Structure formats: structure tokens, C-alpha cells
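Reader: I have a model open on my screen and would like to learn how to read it. Could we go through a few features together?

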Amino acid sequence: MDISWVNVVLDWMAVVFILVVGFSFLLIIVYYFIDRFQTEHAIRHNYPVIARFRYLFEYLGTFLRQYMFAADQDERPFNRAQRSWVYRAGKNLSTTEAFGSTRNIHAPGKILFTSCPFPLLEKDSVSSPPLVIGPNCKTPFKATSIFNISGMSYGALSKPAVLALSKGAKKAGCWMNTGEGGISPYHLEGGADLIAQIGTAKYGYRDKNGDLSNEKLREAAALDQVKMFEIKLSQGAKPGKGGMLPAAKITKEISEIRGIPMGESSLSPNRHADIGCNDDLLDMIVRIREVTGKPVGFKFVMGSPDWLESLCKRIHEVGLESAPDFITIDGAEGGTGSAPVALMDDVGISLNESLPYVIDILTKYGLRDQVRVIASGKLTNPTMVAWALAVGTDFITSARGFMFSLGCIQSMHCHKDTCPTGIATHNERLQSGLSPKKKSQRVMNYHRNLIHEVELIAHSCGVTEPRGLTRQHVRIVQNSSRSRPFSEIFPDETPIAFQGIPVETTEPNVSESK
Ligand SMILES: Cc1cc2nc3c(=O)[nH]c(=O)nc-3n(C[C@H](O)[C@H](O)[C@H](O)COP(=O)(O)O)c2cc1C
């Protein structure tokens, strides 16, 4: 047998090897001189060539930590245990584990629920009943699910991601907030209930001058799928920050959906130009409600409880009909497609504090029955959802929980257009692996399994459904490792007499057990 071709291949491999080694050696020498004679980076000057690996390892560190070195409870914003729970729930895999808790149940801040000696029998449990938002509006909204999808715009999210969420929300029976980018065809295609968010640039609802257009509001309200309007004052991850949509990202489709011209960058102001005080806000709520006939509320992150007090006082002065139909409170721990680190890390207070304040202030001013509360901010797992319901919220929304259900791996690239899972990118190659049909099923599974486990917590505490949980059912571990009832830390508020007149309260129609 003629094997001369083997010798030829080996000769060529030897030549290639010598070339590669020679070229690498040459490159090292070139880099050595570049590094040695530059003064931009001291470390590269002092340790030529070798110092370059630092950048590579720094970049790879994000990925290596996640897969190899970080412990289950280590990472932020979400640790592996939290993410895995959502992945498993989304895939309908078992979320049970064996042997015992791997969490430190003595750690200060740990939430514990007060189990009941005689838990509720499964047969006595009920589903959380629907709750009406804006009962006095022309078209009130009967919201069926306690757990819903938080605002994320088409633009921050890709087309297949929005499609998967809207189809999944329809299957799950929950609502989806459009985010501040307006209503896209993909929000509508899934058929789910939508909350139309009005951001500071009024994308989707603006006239040629960028002002809020009654005509556009009417057009949106005419869609049966649009159930409520939410004025976005601020968002947990970036209070007081607008945004800039670069001209390059303004496609014909985006320009039509958002109502902005092509060819020039679009600026979202850091506040609604026409909402600069409490009266402006209340006027805007009344205007949108009158024009659309649908419930209107606002979303904000709390800086201090004083502002909400001042707003409630003003509502009483102006008239109760000026009150919002709902308030969405977003915690400082909330997520974003893009925001400066200083705002994400250091501005606004967390939901742990702000949610009880919102509930208590509304109760104090006798507005709790009229104004529904929606809470968001890392409420992605059963424990935190049950906690928020026990504190008193009516509804919960989650953004990143639902992103995980779509397959988000927390690569933190939402702002770079390089999201490897195709969720937060417009790169069609990266989007091609995200199947709206398959992922919508995961969205539905995640929603169903989460509600199921929140119900388990409720039943263990002896109540028939999740909204039956109260602050008495929650204990928080203190520095001493002993736990304290949440009802002692934030005692239930009682309505005050307002201007000498006792505030009238009616029995909440939240559920029979609350
Ligand atoms: C990719 C992304 C885009 C978002 N876009 C919006 C938005 O358009 N409007 C808004 O009010 N909040 C937006 N948010 C914030 C979420 O709606 C939510 O308030 C926050 O992330 C807290 O929920 P989570 O902890 O479950 O993510 C966005 C969040 C993410 C991660």
C-alpha cells in the first residue's frame, strides 16, 4: 500500500507548526516592545506581554465564576439557586430537593413563615379570586392573576422574546406590561391582557411635538387587550434617568411604534416634562382616565415615604376621584436594560422597606381599598412573592423572573446588543435559537409552578389562598439569630381622622381571609 501521502501530510504539519511557533514568537517580541514603550498602562509597561492576560482573565472571570467557582447562594443580582429554581419551574421539572435546606436559616434578614400546627387541608384550599382595578372607571379591569409580567419594552427585548412572553402570558392567564416603548404588534399577537406604559418620552402616545396625544391614547384604549395605563415616574434601577435611543436603532418599525422620526437619535427626558408636582400628576391621571375610560396608575421607586404622604394628603384636598387606580412600587433592587451603576447601586430604597410604607400610607389615608398596589423588585421566587402578599400587596410583577424562564443566563449584556440567548438583542443570528412557541410554554409553566408553591406556603400557614397571608405570618431573623414577627417591625396602620373627619373604610374585597 502506498503511504507516501502520510509523509507529505506530516511534512506539511511540520511546516505549519514551525510557522505558528515562529509567528507567535515574533508577535510576543512585537508586543513586548509595544508594551515597554507605551505609558498609557503602567502594568503593561512594567510587565510586558504577561500583563495582557489580565484583561483576558478579567473578561472570562464573569463566566468562569458563574459556572465553576461561585457557590449556589453567592452571586448577584440572582444567585444560582434562584436562577435554577426558575429554570426548573419553567421546564416543569421537579423543584423538590432532599436531605435538608442548604440555606443559612440563621442569617440576619432571612424570611421565615409561621407554620400552623394544623395546616390547611388541600381540599379546603381555593384559588386567589380575581380582583377589580378601577371599579369606578368606565371600563374597570378584572385582573385574574396575582403574578404578572413587569414592563420591558420591545426594543429592550427582542421580537421573539416579546412574542414568547405575550403568548406565555395568554396561556398563563396573567397580564403583560408593554414597558415604555409603546405597544408593538408582538405584544398584541400573543393575545394577553396588556398594561400600556407611558414613559417620559411618551413613546407610542405622542404627537409630532412629543406631547401626550389624546388621539393616540384613544387608539390604544380602543384595543380590548389594553386593560390599564401606567404612567412611569421612575423605575427601581434608574430613578431620575431617561435614555437615548441611537438613530441607528430606530428602524422603520420602531419609528412607527414609538412615534418618532427616523434618522435622528431620540431622547427620553429624565422626568415627564409635564409632571413636575403632585397636582400635575393627579391632573394627568384624571386626564388619561377620562380620555381612555380605563384604570390609570403610576410606577415609582421610593426615595422617602414623605412624598407619598404628601400625595395622599393632596388627593383628599382635591377629591378622591383624583386618586390613581393603582400604584406600582418598584424596589431599588429592580433590573433594567441599561443604567448608570451609581443609580442602580445607590439611589432609591429597597422593596423590603418601601412596600410596607406604601401599604401603610395608603391605609393611613383611607385609600387602601380604592388604590390597588402592584409590587416588583426581585420577586421571582415563591418565598419573596409570598412575603410581598403577606406585607399587603395585591399583585406582583416580575421582569427578570420571566426572562429566566425564557432562558436568560444572567450574562449581563442587555445593553450591548450581544445577549447570547437572543432575549435582549436585535442580532438576528442570536435571536434564531429563541423559539416563541417553545418558550411560551416555559413562561406558562414558570407562572403555574410559582403560584403553586406560593399556595403551599399559604396552606402551611393555615390560610386558604396566598392573599390570606398577613404580616403575622412572616418573621425576620435578627442580628441575634432570633426571629421577630414582621407585624412588630411594621405594625398594621390604622386610618387617621383626616381634617377632623374620620376616614371611612370599607371591608377590603381582596379575599375572605384577609
Ligand atoms: C431588560 C429590562 C427592561 C426593562 N424595561 C422597563 C421599562 O421599559 N419600563 C419599566 O417601567 N421598567 C422596565 N424594567 C424594570 C422592570 O419592569 C422591573 O420593574 C424591575 O426589573 C424589577 O423586577 P424584577 O426584579 O423581577 O426584574 C426593565 C427591566 C429589564 C430587566
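Author: Happy to, and keep in mind that this is a predicted model. Let's begin with strand pairing: β1 and strand β14 (residues 474-477) are joined by 3 bridges in the antiparallel sense.

Reader: Which sheet has β14 and β1 among its strands?

Author: An open sheet of 3 strands, paired antiparallel in the order β1-β14-β15. The edges are β1 (111-113) and β15 (483-485), each of which pairs on one side only. On average, neighbouring strands of this sheet are turned by 35° against each other, if direction is ignored.

Reader: Which strands pair with β10, and in which sense?

Author: Strand β7 (residues 226-232) pairs with β10 in the parallel sense over 4 bridges. Strand β11 (residues 326-330) also runs parallel to β10, joined to it by 4 bridges. For landmarks, look for Phe229 opposite Val296 of β10, and for Gly297 opposite Phe326 of β11.

Reader: How should I read a helix, such as α16?

Author: An α-helix has 3.6 residues a turn, so residues three or four places apart point the same way. Then check the span: helix α16 (residues 436-460) has 25 residues and reaches 36 Å from its first C-alpha to its last, close to the 36 Å expected at 1.5 Å a residue. Just after α16, look at Gly462, which takes a positive phi of about 90°.

Reader: What surrounds the ligand?

Author: A shell of 28 residues, of which the closest are Gly179, Gly334, Gly335, Ala399 and Arg400. Sorted by class, this shell has 16 polar, 6 nonpolar and 6 charged residues.

Reader: And stepping back, how is the chain divided into domains?

Author: The domain assignment gives domain 1 (4-69) and domain 2 (123-502). Between the C-alpha centres of domain 1 and domain 2 the distance is 48 Å.

Terms used. Residues are numbered from 1 along each chain as its sequence is written. This is a predicted model: local features need pLDDT of at least 70, side-chain atom pairs count only at pLDDT 80 or more; totals for chains, interfaces and linings use all residues. Domain bounds come from an automatic or database domain assignment. Two strands pair if DSSP finds at least two bridges between them. Helices (H or I, at least four residues) and strands (E, at least two) are DSSP runs, numbered from the N terminus. Axes are lines fitted to C-alpha atoms, for helices over the stretch in contact, and angles run from 0 to 180 degrees between N-to-C directions. The expected span of a helix is 1.5 Å times one less than its number of residues. A residue is near a molecule or strand if its C-beta atom, placed from the backbone, lies within 6 Å of it. Ala, Val, Leu, Ile, Met, Phe, Trp, Tyr, Cys and Pro count as nonpolar, Asp, Glu, Lys and Arg as charged, and the others, Gly among them, as polar.
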